[in-house]
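Me: Please take a close look at a single residue in this model. After that, go on to a pocket, a helix and some backbone angles.

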Amino acid sequence: MNFFWVINGKRMKQYLIIIIASFFAALIAFVEAQDLEVFKTKEGEPRAIYKGEKKGKKIALTFDVSWGEKRIHEILDLLAEEKIKDTTFFLSGEWAERHPDIVEKIVKNGHEIGSLGYRYRSYTELEDSEIRRDITRAQQVIKDVSGQSTDLLRPPNGEFNKNVLDVAEKMNHTIVQWSINPNDWKNPGADRITESVLSKAKGGDIVLLHASDSVKQTRDALEQIIQQLKKDGYTFTSVGEMIANTETKRNEIK
């Protein structure tokens, strides 16, 4: 007796989507279970920092800045009022070039500077040579206006792939991501931003915030975040200090 199998193409496509979705869900669960903090090469060198060491109750506040000049003054003034130095501002080179006085204020107030690249265009869309040029130009501009050299790089929009990692490593830059992202740029409300950070905060966290003019609630949320974290016994550190004084767990990216 002969048997014939009739395959429903639409149903097979649905099954395939479910299988793929299940795979990625399992992958995410695995990564979270491993407490992924750093991507590394096969040789074991860190490639993209997400988080520092848990013990010590230190948290790194980081701020991305790519346009505008109003909100950043509000944030810098608040940090000064709270007597907090040692945060990290990731600046686009194009913005730093237009606002050398604000860059000077950031440095004078004791904060660290990292790079967002020059033009704030996703590196995953660029050729390797274009990425190198953008990183180099941003690094030179930041040094010219701040007097500081930086090897900390947060790719525009946080987007990277293996090529970006390879280029950054060859240029002696460390890619810095984050472990907490309250999406303050969406302006969901100061209380919601605050809760998003405080509900997850642990020692070693790197918090992503913004200081461009598009954020309207970050300053008020930041005040609540700082005051509560202080009450909970946390102190604040720059990304550079966190990297220098931490033992990091590593997982390989291919």
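Reply: Alanine 138 sits in helix H5, residues 128-146. Helices (H or I, at least four residues) and strands (E, at least two) are DSSP runs, numbered from the N terminus. The model is predicted, so local features need pLDDT of at least 70 and side-chain atom pairs count only at pLDDT 80 or more, while totals for chains, interfaces and linings use all residues. Residues are numbered from 1 along each chain as its sequence is written, and side-chain values use heavy atoms, with hydrogens and water left out.

Alanine 138 counts as buried because its relative accessibility is 0%; buried means under 20% relative accessible area, exposed over 50%, and partly exposed in between (1.4 Å probe, protein chains only). Leaving aside residues up to four places away in sequence, alanine 138 touches Gly93, Ser115, Gly117 and Tyr118, where contact means heavy atoms within 4.5 Å. Tryptophan 95 is 43 residues from alanine 138 along the chain, and their C-alpha atoms are 9.8 Å apart.

Next, helix H8. This helix runs over residues 218-231, and its 14 residues should span 20 Å at 1.5 Å a residue; the end C-alpha atoms are 20 Å apart, which agrees. The expected span is 1.5 Å times one less than the number of residues. Thr218, Ala221, Leu222, Ile225, Ile226 and Leu229 are the buried residues of H8. They lie on the same side of H8, because they cover an arc of only 135 degrees around the axis, taken from the directions from the helix axis to the C-beta atoms. The elements they pack against are E3, helix H2 (70-81), helix H7 (190-198), E8 and strand E9 (235-236). Just after H8, glycine 233 has a positive phi of about 90 degrees.

Lysine 83 is in the loop between H2 and strand E4 (88-91), and it counts as exposed because its relative accessibility is 74%. Asparagine 183 is in the loop between strand E7 (174-176) and H7, and is partly exposed, with a relative accessible area of 27%.

The lining of the second largest pocket has seven nonpolar, seven polar and two charged residues. Ala, Val, Leu, Ile, Met, Phe, Trp, Tyr, Cys and Pro count as nonpolar, Asp, Glu, Lys and Arg as charged, and the others, Gly among them, as polar.
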